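Colleague: I am new to this one. Can you take me through its rings and its nonpolar residues?

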Amino acid sequence: MWAAAFAVHALLPMAAAMGSESEHQGEDVRAPDGEELDRLLDEQLAYYRALAADYLDQGLDLSGGDEVTEALDAFQPTGSVLELACGPGVWTGQLLRYATDVTAVDASPEMLAIAAARVGNERVRFIQADLFTWKPDRRYDVVFIGFWLSHVPAERFASLWSLVADCLKPEGRVFFADDAYRTPDELVEGPSSSTIRRQIPDGTAYRLVKVPHQPADLERQLRQLGWHIKVTSTAGPFYWGAGSRGLHST
C-alpha cells in the first residue's frame, strides 16, 4: 500500500493548518505574509481539489516508505484516532487496524468522497472542514498527521500544534510522517522560499507550501512548544515523529 500512500511526494490535500509565529529552523525558508499567504493557501487547496481524481496515480518510488509504515505499526494507534488532512484515505485503513474509531478531517470534498468510497467502514467519521476555523467536538487518544506538516506555513506552525493539543486527551499521543522532497523545477522562488509550484496532469500549475523540515530542527521546534516528540529519518527523504505533550513517552 505504501506506493499509494506516498503519491505525489506523499503530499496530502489540506491547504490549511493553523496560525504561528515560529520560523523554520535550519534552512532559511522565507514565507509569504498576510493576504498573500491567504491566496497561497487557497491555491494549495485548489490544487488538491483539482488533483483528487488523479491523486492515487501519482506515486513515486522513493526509498524509506516501508520504514514509515512499519513505524506506524510499531506505534499502534489504538483507541479513538483523529486523522488530520486524510486526503483520499491512503492511511485510514492502516489506522483502522488498531483504532476503535477514526475521525478523518479534510477540506476537500473530492478527496473525502474518494476516501469514503475506498474505506467504506462504519468506524470512520468523515468531516469536511477548513482547519483554520475547525474546532474539535471531542478529544482523542491519538492524532495522526500524514504528509501534511510540510504544507503548513511557518506562520501557522504553532497554531497547528495548539489545535493538536486541543484534540488530545491528557495522555494522548501523536504520530506524523512527512518528507522534505522538493525538485529543482518546483523551486520557482528559489530554495530559500517555502513556496513551490506543481502541475496537475492537464498542465495547470498551482503554488503550494512545502517546508523542508529537518528532523533535528523540527524536534527542537516541537520541544519549544511543549511537545516531547522524537523525529526519526528514514533511508530516503521521509521522516516520522511520535510522542506526546510534556514528558510522556510514546
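Modeller: Start with a term. A nonpolar core is a set of buried Ala, Val, Leu, Ile, Met, Phe, Trp, Tyr and Cys residues joined through side-chain atoms within 4.5 Å. Keep in mind that this is a predicted model.

Colleague: How many residues has the largest nonpolar core?

Modeller: Leu84, Trp134, Trp161, Val164 and Phe176 have the most contacts inside this core. The core's total is 29 residues.

Colleague: Which residues is Val164 in contact with, leaving aside its neighbours within four places in sequence?

Modeller: Val164 is among the residues with the most contacts inside the largest core. Contact means heavy atoms within 4.5 Å. With those neighbours left aside, the partners of Val164 are Leu84, Val143, Ile145, Val174 and Trp227.

Colleague: How many residues are in the second, separate core?

Modeller: This core includes Val68, Ala104, Leu112 and Phe175. Its total is 25 residues.

Colleague: Now the rings. How many aromatic pairs does a search of the whole structure find?

Modeller: A pair of aromatic rings is described by the distance of the centres and the angle of the planes. The search of the whole structure gives a total of 11 aromatic pairs.

Colleague: Is the pair of Phe144 and Phe175 stacked or edge-to-face?

Modeller: The centres of Phe144 and Phe175 are 6.1 Å apart, with 15° between the planes. Planes under 30 degrees apart count as stacked. So the pair of Phe144 and Phe175 is stacked.

Colleague: How many residues apart in sequence are the parts that this pair ties together?

Modeller: Phe144 lies in strand β4 (residues 140-146). Phe175 lies in strand β5 (residues 168-179). The pair therefore ties together parts whose separation in sequence is 31 residues.

Colleague: Are Phe144 and Phe175 buried or exposed?

Modeller: Phe144 has a relative accessible area of 1%. Phe175 also has 1%. Buried means under 20%, so Phe144 and Phe175 are both buried.

Colleague: What kind of pair do Phe147 and Phe238 form?

Modeller: Their centres are 5.8 Å apart and their planes lie at 85°. Planes over 60 degrees apart count as edge-to-face. The pair of Phe147 and Phe238 is therefore edge-to-face.

Colleague: Which residue lies over the face of Phe75?

Modeller: Phe75 belongs to an aromatic cluster that includes Phe144, Phe147, Phe175 and Phe238. At 4.0 Å from the ring centre of Phe75 lies Arg173.

Conventions. Residues numbered from 1 in each chain as written. Predicted model: local features only at pLDDT ≥ 70, side-chain atom pairs only at ≥ 80, totals over all residues. Heavy atoms only, no water. Phe/Tyr/Trp six-rings, centres within 6.5 Å; stacked < 30°, edge-to-face > 60°. Helix = DSSP H or I, 4+ residues; strand = E, 2+ residues; numbered from the N terminus. Buried < 20%, exposed > 50% of the residue type's maximum accessible area, 1.4 Å probe, protein only. Lys NZ or Arg CZ within 6 Å of the ring centre and 35° of its normal.
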